[in-house]
Amino acid sequence: TQSTWGLSEQRVHFMLLPTAVLVGVVFLLFLPSWPFGYSIRFLTCVISNLFRKRIPLAAETTLRYRVWVDDLDFNMHMNNGRYNMYADFGRFAHAIRMGIRGHNLLESISPPPVKGRSIFMVNGGLQFRYKRSLLPFESFVVKTRIHSWDDKWCLFEQRFISGRRVKAAVIVKKAFTERGKIIKPVDAFVGLGYSQQEIDEFVRVRGTNDAVTSLQHTEAWFGKDE
C-alpha cells in the first residue's frame, strides 16, 4: 500500500527506525540541558549530601562528573562557564557537609549542627586558572576544601582532576552570614559545631589567610608542562 506521500508502508517504517534512534541519541546527549536539567542536577547534589556525616574542618570533598556534549565549546573542550557550574556544585556540597543549610526548608529536613544557629555563605569573588583541557566524555572530579581565612573572608580551593592531572584550579573568596549579617569565619566554624581545638589545629598546619588574591601559589598543583 501507498502512504499519503506516495511511499510504501514498508519504506516509511524503514525510515522511522533510524529517525527514532537519532532523536533518542540527541535527547540523551543533551539531556543535562533539557528543561529542569540544571535544577535536577542541583537537587541531586543537595539530597545526596544532606544526610551524610559532617566533615572535619580540614577535610576535602569530592564530586565526580563527566564532560558531556553540552559542556563543550567550538574548540571541543569543556567551556569556562561549565567549570564554574561544576565548581559551584562542589562548593554547595562542601557547605552542606560542613553543616550549612541556609534555608528554612533544609533546616526543617536536616537541622544544623548547633541549634539556633543559621549560617550561610555568599561569594565575594573567584579566580580560575586553566592549565589543560577537559575533552569530550572525559571523566573528572572536583575536589573542594578550605584554604585559609582572615577576619572577614574564607578562601576555598577547588581542583579539577582527571586521572592524576590537575586540569584547572579555582580560589573562591566567601563570607559567612547569619541572619543577613557577615560574621567572622571563626565564629561561623564555632556556630557549625567545630571545636576551638580543631580550628587551632587547622591554623597550626596550614596557616591563616594573608589576603590571598592570586593563584600563584597553586602552580605546584599542576606539575611540569608537557
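Colleague: Which residue forms a salt bridge with Asp-70?
Modeller: This is a predicted model, in which local features need pLDDT of at least 70, side-chain atom pairs count only at pLDDT 80 or more, and totals for chains, interfaces and linings use all residues. Residues are numbered from 1 along each chain as its sequence is written, and side-chain values use heavy atoms, with hydrogens and water left out. A salt bridge here is a side-chain nitrogen of Lys or Arg within 4 Å of a carboxyl oxygen of Asp or Glu. With the closest N and O atoms 4.0 Å apart, the salt-bridge partner of Asp-70 is Arg-82.

Colleague: How many residues apart in sequence are the parts that Asp-70 and Arg-82 tie together?
Modeller: Helices (H or I, at least four residues) and strands (E, at least two) are DSSP runs, numbered from the N terminus. Asp-70 lies in the loop between strand 1 (61–66) and helix 3 (80–98), and Arg-82 lies in helix 3, so the pair ties together parts whose separation in sequence is 12 residues.

Colleague: Are Asp-70 and Arg-82 buried or exposed?
Modeller: The classes rest on relative accessible area: buried is under 20%, exposed is over 50%, and partly exposed is in between (1.4 Å probe, protein chains only). By that scale, both Asp-70 and Arg-82 are buried.

Colleague: How far apart are the closest N and O atoms of Glu-157 and Arg-145?
Modeller: Glu-157 is buried at a relative accessible area of 3%, while Arg-145 is partly exposed at 25%. Their side chains form a salt bridge, and the closest N and O atoms are apart by 2.5 Å. This pair links distant parts of the chain, Glu-157 in strand 4 (residues 154–162) and Arg-145 in strand 3 (residues 139–149), with a separation of 12 residues.

Colleague: Which residue in strand 4 is the bridge partner of Trp-149?
Modeller: Two strands pair if DSSP finds at least two bridges between them. Strand 3 and strand 4 pair in the antiparallel sense over 8 bridges, and they form a hairpin with 4 residues between them. The partner of Trp-149 in strand 4 is Cys-154.

Colleague: Which residue takes a positive phi in the hairpin of strand 4 and strand 5?
Modeller: Strand 4 and strand 5 (residues 165–178) run antiparallel and are joined by 9 bridges. Gln-158 has Val-170 as its bridge partner in strand 5. The hairpin has 2 residues between the strands, and the residue with a positive phi near 65 degrees is Gly-163.

Colleague: How many disulfides does a search of the whole structure find?
Modeller: A disulfide is a pair of cysteine sulfur atoms within 2.5 Å. Cys-45 is buried at 5% relative accessible area, and Cys-154 is buried at 0%. The number of disulfides found is 0.
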